[in-house]
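Reader: I would like to go through this structure and ask what the words used for it rest on. Please set each value against its definition.

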Amino acid sequence: MSGDVRSRLALPEGFRFLREGDIGQAFRTGNEIMDRYVLRDYHRWSLLPNDLVVLYEIDVRIAGIIEMRINLDHIVVDMVGSNALVQAAGVGTKLMSLAENFAKQLAIGEIRLDSLDDVVSWYRLSGYAQYADRYYDAELGCWLTPMKKLIR
Ligand SMILES: CC(C)(COP(=O)(O)OP(=O)(O)OC[C@H]1O[C@@H](n2cnc3c(N)ncnc32)[C@H](O)[C@@H]1OP(=O)(O)O)[C@@H](O)C(=O)NCCC(=O)NCCS
């Protein structure tokens with residue numbers, strides 16, 4: 001995908017791209033695997049080509065974060081988490097809706113992700129379905145379930 005994909009995307013109210021100045025803020029999902037990664041890691045990923053890291057803010061606090069990679073025919077959601085330190089309802093759902101919003105803006109028809117066991121049922125509620133065998137990720141030390149959703 002050529003050019004900075006960010007410049008082609010409009011962000012709904014409450015969302016903004018992660019900035020380097022954010023990395024000192026308090027953020028924790030409560031999930032041990034997700035919390036191995038801190039905002040500094042998210043910022044590093046955001047510098048990679050076609051990688052987007054977006055925050056959802058409530059009262060200037062980070063309520064949630066999503067990291068996704070934009071490919072030609074699908075978007076991969078690598079990380080999504082709500083901030084257990086803020087405790088607002090509906091944040092995870094808002095973040096997943098943003099991925100769909102981006103897919104529509106970029107005319108991309110599919111979102112994929114590899115789900116931790118704890119959240120497979122949560123993704124199912126949002127219309128994601130398993131498309132390949134569950135596998136063991138040796139780096140993370142856990143099982144993951146490949147899931148996807150078609151976006152119209
Ligand atoms: C998974 C996560 C992003 C959901 O975000 P959230 O802001 O808590 O969820 P929302 O408020 O948008 O979701 C609302 C609904 O999902 C349900 N839900 C939340 N977590 C769930 C889970 N792990 N499994 C099944 N349902 C779940 C809630 O009960 C709620 O249902 P209700 O509306 O009937 O009351 C959040 O719990 C989180 O950050 N978890 C730790 C990190 C993680 O596992 N990320 C995914 C990595 S693959």
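**Strands, core and exposure**

Author: Strand 4 and strand 5 run parallel and are joined by three bridges. The model is a predicted one: local features need pLDDT of at least 70, side-chain atom pairs count only at pLDDT 80 or more, and totals for chains, interfaces and linings use all residues. Residues are numbered from 1 along each chain as its sequence is written.

Reader: What makes strand 4 and strand 5 a pair?

Author: Two strands pair if DSSP finds at least two bridges between them. Strand 4 and strand 5 have three bridges, so they meet the definition. In this pair Val77 stands opposite Leu113 in strand 5. Strands and helices are themselves DSSP runs, numbered from the N terminus: E for strands, with at least two residues, and H or I for helices, with at least four.

Reader: Why is the unit of strand 4, helix 2 and strand 5 called right-handed?

Author: A crossover is right-handed if, with the strands pointing away from the viewer, the path from the first strand over the helix to the second runs clockwise. Strand 4, helix 2 and strand 5 make a β-α-β unit of this right-handed kind.

Reader: Which way do strand 3 and strand 4 run, and how many bridges join them?

Author: Strand 3 and strand 4 run antiparallel, with seven bridges. They form a hairpin with four residues between them. Ile66 stands opposite Val80 in strand 4.

Reader: Which strands pair with strand 8?

Author: Strand 5 is joined to strand 8 (residues 142-150) by seven bridges, and the two run antiparallel. Strand 6 (residues 129-130) pairs with strand 8 over two bridges, also in the antiparallel sense. There Ala129 has Lys148 as its bridge partner. Strand 7 (residues 135-137) and strand 8 run antiparallel with three bridges, and Tyr136 has Trp143 as its bridge partner. Strand 7 and strand 8 form a hairpin with four residues between them, and Gly141 in the turn has a positive phi of about 75 degrees.

Reader: Why is Leu116 called partly exposed?

Author: A residue is buried if 20 or more other C-beta atoms, placed from the backbone, lie within 10 Å of its own, exposed if 12 or fewer, and partly exposed in between. Leu116 has 18 C-beta neighbours inside 10 Å, so it counts as partly exposed. Leu116 lies in strand 5 (residues 110-116) and stands opposite Leu144 in strand 8.

Reader: What does Leu116 touch, leaving out residues up to four places away in sequence?

Author: Leu116 touches Ile33, Cys142 and Leu144. Contact here requires C-beta atoms, placed from the backbone, within 7 Å.

Reader: Why are Asp59 and Ala107 called exposed?

Author: Asp59 has 7 other C-beta atoms within 10 Å, so it is exposed. Ala107 has 8 C-beta neighbours inside 10 Å and therefore counts as exposed. Asp59 is in the loop between strand 2 and strand 3, and Ala107 is in the loop between helix 2 and strand 5.

Reader: What is the phi of Asp59, and of Ala107?

Author: Asp59 has a positive phi, near 50 degrees, and is not a glycine. Ala107, again not a glycine, has a positive phi of about 55 degrees. Most residues other than glycine have a negative phi.

Reader: Why does Asn71 count as partly exposed?

Author: Asn71 has 13 C-beta neighbours inside 10 Å, so it counts as partly exposed. Asn71 is in the loop between strand 3 and strand 4.

Reader: What makes a set of residues a nonpolar core?

Author: A nonpolar core is a set of buried Ala, Val, Leu, Ile, Met, Phe, Trp, Tyr and Cys residues joined through C-beta atoms within 7 Å. The largest one has 29 residues, and Ile66, Ile75, Val77 and Ala99 have the most contacts inside it. Strand 2 (51-58), strand 3 (61-70), strand 4, helix 2 and strand 5 each give it two or more residues. Helix 2 gives the most, with seven residues. Among the residues that Ile66 touches are Val54, Val77 and Leu98.

Conventions:
Two residues are in contact if their C-beta atoms, placed from the backbone, lie within 7 Å.
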